[in-house]
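Q: I have a chain open here and would like to go through it with you. Could we begin with the overall fold and then turn to the aromatic rings?

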Amino acid sequence: MLRLLSFALLLLIWWIAALFVGGAKLPSPPAVLEVMIAEASSGALFLHLGATLARVTLAFVLAMSLGSAIGYLMGRVRLADKLGDPWLILLLNLPALVVIVLAYIWAGLTEAAAIAAIAINKLPTAVVTLREGTRALDRSLDEMGSVFAMPRWRAFRHVVLPQLAPYIAASARSGLSLVWKIVLVAELLGRPNGVGFEIGIAFQLFDTPRLLAYSLTFAAVVFVIETLLVQPFEARATRWRPRAA
């Protein structure tokens, strides 16, 4: 109920602001809704939204898989940490725009270049989070696994992975919010479809209702995924932790 009340308050403020500013700069909610319905009826909205979600999914899975493996390795092996740390610092401080532009220059305006650029921007945050999580592992539990001669995979599954689950969940949540933003920039610069592409077209035409229609639809999808998938996963991964009173 509080979320619905907050949403209603946001709509009210938007509507009042539109009356003062004018429809040319800030269209009212009904005007934006009309554009949403028109785009959905033509099928364009679902086409571009589907393309964006596909890129987000591929880039996110790629970045989380590689980032988790590299972070775990750097947390376990000191040599790997020393060798990888300079590259990690470089990637963490390299602007996302530079990575996207270089990917398009080197690999062309292709789907693979866009997904790789998005994944590279997410990769270092996943590595850092999992590296710190690996460093925080309870060494006594490793010794217990050795004493009971547990196979490596079984020890990883039942001893290591439960300890890393909160860090994986935190990395997934923060990384997903980062990927949402970066994918729009990648589409704006070099893809022929997607929400970012449509936002770029709307900007060139000064079509504010269309820009808001695609932006808010994308935001609504992000909100639903965050509420129904990411937050429950994070709550389940951290359920063993004691809660503050």
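Predicted model: local features only at pLDDT ≥ 70, side-chain atom pairs only at ≥ 80, totals over all residues.

Q: How many helices and strands does the protein chain have?

A: The protein chain has ten helices and zero strands. Read from the N terminus, the order is α-α-α-α-α-α-α-α-α-α.

Q: What box do the C-alpha atoms fill?

A: Along the principal axes, the box is roughly 70 × 50 × 30 Å.

Q: And what share of the residues counts as buried?

A: Of 245 residues, 35% are buried. The chain exposes about 14600 Å², and 73% of that area comes from carbon and sulfur atoms.

Q: What about charge: how many positive and negative side chains are there?

A: There are 21 positive and 14 negative side chains, with the centres of the two sets 8 Å apart.

Q: Now the rings. How many aromatic pairs are there?

A: The count is two aromatic pairs. One of them joins W180 and F218 edge-to-face, at 5.4 Å centre to centre and 80 degrees between the planes.

Q: Which helices do W180 and F218 belong to?

A: W180 is in helix α8 (residues 152-190) and F218 is in helix α10 (residues 208-237), so the pair links parts of the chain that are 38 residues apart.

Q: Why does W180 count as buried?

A: Its relative accessible area is 7%, and buried means under 20%. F218 is also buried, at 7% relative accessibility.

Q: What is the geometry of the F203 and F206 pair?

A: F203 and F206 are tilted, with 6.4 Å centre to centre and 40 degrees between the planes.

Q: Are those two buried or exposed?

A: F203 is exposed at 58% relative accessibility, and F206 is exposed at 71%.

Terms used. Residues numbered from 1 in each chain as written. Heavy atoms only, no water. Helix = DSSP H or I, 4+ residues; strand = E, 2+ residues; numbered from the N terminus. Buried < 20%, exposed > 50% of the residue type's maximum accessible area, 1.4 Å probe, protein only. Areas by Shrake-Rupley, 256 points an atom, 1.4 Å probe, with all protein chains shown as cover. Lys, Arg positive; Asp, Glu negative; His and termini not counted. Charge placed at Lys NZ, Arg CZ, Asp CG, Glu CD. Phe/Tyr/Trp six-rings, centres within 6.5 Å; stacked < 30°, edge-to-face > 60°.
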